Amino acid sequence: MSHPRLLNACAAMLRRDLTLAWRRRGDIAMPVLYALIVTMLFPFALGPEDTLLQRIAGGVVLVTVLLAMLLALDAMFSSDIEDGSLEQLVLAPQPLALMLGMKILAHWLTTALPLIVIAPLLAAMLHLPGAVIPVLLLALLLATPLLSLLGAVLVALTAGTRRSGMLLALMLLPLCVPAVIFAAGAVAAAQQGLPWLAPIAWLGAALVLAVVLAPLACAAALRIALDA
Amino acid sequence: MSNWIPLWLHKLGSPPTFYRFAGALRPWAMALALLFGAIALYGGLVLAPADYQQGDAYRIIFIHVPSAWMSMFIYAVMGVAAFIALVWRLKLAEVVAMESAPIGAAFTFITLVTGSLWGKPMWGTWWTWDARLTSELVLLFLYLGVIGLYHAFEDRRQGARAAAFLAIIGIINVPIVHFSVNWWNTLHQGSTINVFGQSKISWDMLWPLLSMMLATKFYYIASLFSRVRTDLLALEGGKDWVRKIAESEARQ
């Protein structure tokens, strides 16, 4: 009997967050615009040579997407903390980790998915060969949820503080090093015509681990941060 | 009869007892740190022979390697203290974890600086994106993240708990980072000193290194104790035992 109710609660949580995001559609466009502008700056700074841009294209797209996600990460819980609904969520009978997992999913759908959709455009701006683009998309599909999950734990830790923007970047950097290495490794291997499955498999393994552990860690972190 | 040890440990966890204990031990730890440090410097810079390949330039090892050991050892201490702080909510464990972070960050910074000074004549470059160098840099950022998060909260105990949680996440992350950057790029030499089995270093060079290791350990104890004492006074400002200390110092 409790299972349908739990599923209903999950669906309601997801619907609420997606509706809220849809009401402020402009905010969804911001990370996308940011990523476009940052990618555009690279040819200006490094010169428009095809060979150079091709070599750095995969890494630039990955880092740009990571930075755009970092900018949007700060807002994950902020409005819910302001209006007190996050505290209601902590008090609710449903398991907090599951509810936070739904919030993370909604956040990933509204910030990372648009970035993945325009990633081929970003890659094309830097002349990444068309054959590599599917590998880049696969790497992004595995790496962005990983970053959302890790980021959510850190955002939850800073929930009780005022100035968290730069601090978030400082805390996320050491955690996202492996994700960036493996995602960029896969793209670079594909570009050189080498087998690229191993780093993708590592990313997938890390993602599975994070999907299980990160919501639990996020709930624990939020309890610490809100416990005043 | 034999339960005085757990009893003593329990008592040690209370701030006033630890304050007195740390105050009594700190000068001894500092003296031992200076003694072992001086012996190590004399042994390392004067007595030890020059390396057949690197000449005298290798002597920076007597600072570099003990600092690198300490940077990881202190992170482990911080992680254990953070775990104790989160599970049993011991105030002392929170303070120990948070006051270890700046000392660990300093040792990590020294490791990076001496490593880059050593790298210039040996590898011909100040910095290279090698696996060990990169993990050490990531370790520095982990320390700085913990320190930053601790100071971002207005309530110190809440900040300590949040930062303790971050320290534990970092402990899980360190092996992953180390493995991933190893896979990515490696130039640094492997370990020379092996706890199990034969070390690949001459005894003339090994004993100053071990002496310096003891010196850094004792320095850590001395530095940690004085930091913890200060922090305990600030944290327990309104309590009776702090007032008594303040009154007795005012009388002198």
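The model is predicted, so local features need pLDDT of at least 70 and side-chain atom pairs count only at pLDDT 80 or more, while totals for chains, interfaces and linings use all residues. Residues are numbered from 1 along each chain as its sequence is written, and chains are lettered from A and ligands numbered from 1 in the order in which they are written.

**View 1. Helix 9 of chain A and its bend at A:A210.**

**View 2. Chain B as a whole, with 8 helices and 0 strands.** Helices (H or I, at least four residues) and strands (E, at least two) are DSSP runs, numbered from the N terminus. Starting at that end, the elements of chain B read α-α-α-α-α-α-α-α. Along the principal axes, the C-alpha atoms of chain B fill a box of roughly 60 × 40 × 40 Å.

**View 3. Helix 3 (residues 61-88) and helix 4 (residues 91-123) of chain B.** These helices pack at an angle of about 160°, with their axes 8 Å apart. Axes are lines fitted to C-alpha atoms, for helices over the stretch in contact, and angles run from 0 to 180 degrees between N-to-C directions. That angle makes helix 3 of chain B roughly antiparallel (over 145 degrees) to helix 4 of chain B.

**View 4. Helix 4 and helix 5 of chain B.** Here the packing angle is about 150° and the axes are 9 Å apart. Helix 4 and helix 5 of chain B are therefore roughly antiparallel to each other. Residues that make the contact (C-beta atoms, placed from the backbone, within 7 Å) include B:M98, B:A101 and B:F109 of helix 4, and B:L133, B:L140 and B:Y150 of helix 5.

**View 5. Where chain B touches chain A.** The contact takes 23 residues from chain B and 24 residues from chain A. On the chain B side, the elements giving two or more residues are helix 5 (131-152) and helix 6 (156-184). Helix 6 of chain B gives the most, with 13 residues.

Key:
Bend = angle between axes of the 7 residues up to and from the residue. Contact = placed C-beta atoms within 7 Å. Parallel < 35°, antiparallel > 145°, perpendicular 65-115°, else oblique.
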